[in-house]
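Please look through the sequence and the model shown here before reading on. The report that follows takes up one part of the fold after another.

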Amino acid sequence: MVLLSDSRIVATPSIECGEPLVDLREISALRVDGRYAAPQGDYAHLRAGVVDRLVLAQTLLPSEYKFLVIEGYRPMALQTHIFEQCVERMRLQSPDAEEAELRRLASRFVSPPEVAPHVAGAAVDLTLSTVDGVELWMGSKVNDTDTPACFTAAHDIGADARLRRDLMGQALNGAGLVNYPTEWWHWSYGDRYWAYSTGAAAARYGPFIHQ
Ligand SMILES: C[C@@H](N)C(=O)N[C@H](C)C(=O)O
Ligand SMILES: [Zn+2]
C-alpha cells in the first residue's frame, strides 16, 4: 500500500488549475452532515470538479442510497494540527521510533500537510445514508481508525456493510475518484495521491486558501 507520506506521492507534480471551491450545501442533490460544522463552513466545500464527480457518482448508486458528506475542504492549520496530534499518538505507541517513522505511521490515517488532499479541496470523507438521510452502518464509524475495520478491504464487517462499501466504491471509482485504502470513507480527485494512483501527469489541485 502506498501511503501519503511516500516519496512517490511527495514527488508527484502539482499544476494548480485555479478552480474555485463550491459550497456543497448549495447543491441540492447532495446531503451534508453537520458534525464538523464550523463558522466559515470550510468542511462543506470542495473543488468544482470534485463536486461534479460526486454528483455523477451518486447517480451510479442503487436508488435506495444517497451519499452523506462528512468533511471536504480542511484549512492547512487544521490539517497540521491533526497530523501533529496523530504523530504524538504514534509516539505513545512506539516511544523508541525515529521521528521519520512516527510521521510515516501517522500518515496511515492523517495526511502530512504538504501533500494533504483535504487542504487542496480535493478529498471528501463520506458515507451512505438512506434517501431520507438515515446514516447506514458501513462496518465502522467514519474516522474510527482504532479498528482494522477502517481498512476499505476489511472482511470481518458483516455482509451488509461489505456490500455497501463495494457499491460506494464502484460509484466513486466510476466517477473518477480514488480511495485511500486505510480509510473506507476517504475519496479524492485531482490531488497528488489521485495523480499517482491513476497515472495522471500531475495533480490538478494544490493547497488552497478558502477566503
Ligand atoms: C483525518 C482523516 N479523516 C483523514 O482525512 N485522513 C486522510 C488520510 C487525510 O488526512 O487526508
Ligand atoms: Zn479524508
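## Strands that pair

Y65 stands opposite T130 in strand β5, where strands (E, at least two residues) and helices (H or I, at least four residues) are DSSP runs numbered from the N terminus. The model is a predicted one, in which local features need pLDDT of at least 70 and side-chain atom pairs count only at pLDDT 80 or more, while totals for chains, interfaces and linings use all residues. Residues are numbered from 1 along each chain as its sequence is written, and chains are lettered from A and ligands numbered from 1 in the order in which they are written.

Strand β4 (residues 65–71) and strand β5 (residues 123–130) pair in the antiparallel sense over six bridges, and two strands are said to pair if DSSP finds at least two bridges between them. Strand β2 (residues 31–32) also pairs with β4, here in the parallel sense and over two bridges, and R31 has L68 in β4 as its bridge partner. Strands of a sheet pair through backbone hydrogen bonds, either parallel or antiparallel.

## The sheet as a whole

Five strands form an open sheet with mixed pairing, in the order β2-β4-β5-β7-β6. Its edge strands are β2 and β6, each of which pairs on one side only. Strand β4 is mostly covered, with five of its seven residues buried; a residue is buried if 20 or more other C-beta atoms lie within 10 Å of its own, exposed if 12 or fewer, and partly exposed in between, with the C-beta atoms placed from the backbone.

## Nonpolar cores

The largest nonpolar core has 47 residues, of which L24, L46, V69, V124 and L126 touch the most other members. Such a core is a set of buried Ala, Val, Leu, Ile, Met, Phe, Trp, Tyr and Cys residues joined through C-beta atoms within 7 Å. The elements that give two or more residues to this core are β1 (21–23), α2 (48–59), β4, β5, α5 (159–174) and α6 (192–198). Apart from this core lies another, of six residues, among them C86, M90, F109 and V110.

Leaving aside neighbours within four places in sequence, V124 is in contact with L46, V50, L54, V69, G72 and W187, where contact means that two C-beta atoms, placed from the backbone, lie within 7 Å.

## Around the ligand

Which residues are the closest to ligand 1? They are V110, S111, P117, H118 and N143, in a shell of 14 residues, each with its C-beta atom, placed from the backbone, within 6 Å of the ligand. By class, this shell has eight nonpolar, four polar and two charged residues; Ala, Val, Leu, Ile, Met, Phe, Trp, Tyr, Cys and Pro count as nonpolar, Asp, Glu, Lys and Arg as charged, and the others, Gly among them, as polar.

N143 is placed in the loop between β5 and α5, and N143 counts as partly exposed because it has 16 C-beta neighbours inside 10 Å. The phi of N143 is near 75 degrees, a positive value in a residue other than glycine. Most residues other than glycine have a negative phi.

E183 is found in the loop between β6 (178–179) and β7 (186–188), and E183 counts as buried because it has 20 C-beta neighbours inside 10 Å.

P13, in the loop between α1 (7–10) and β1, counts as exposed because it has 11 C-beta neighbours inside 10 Å.
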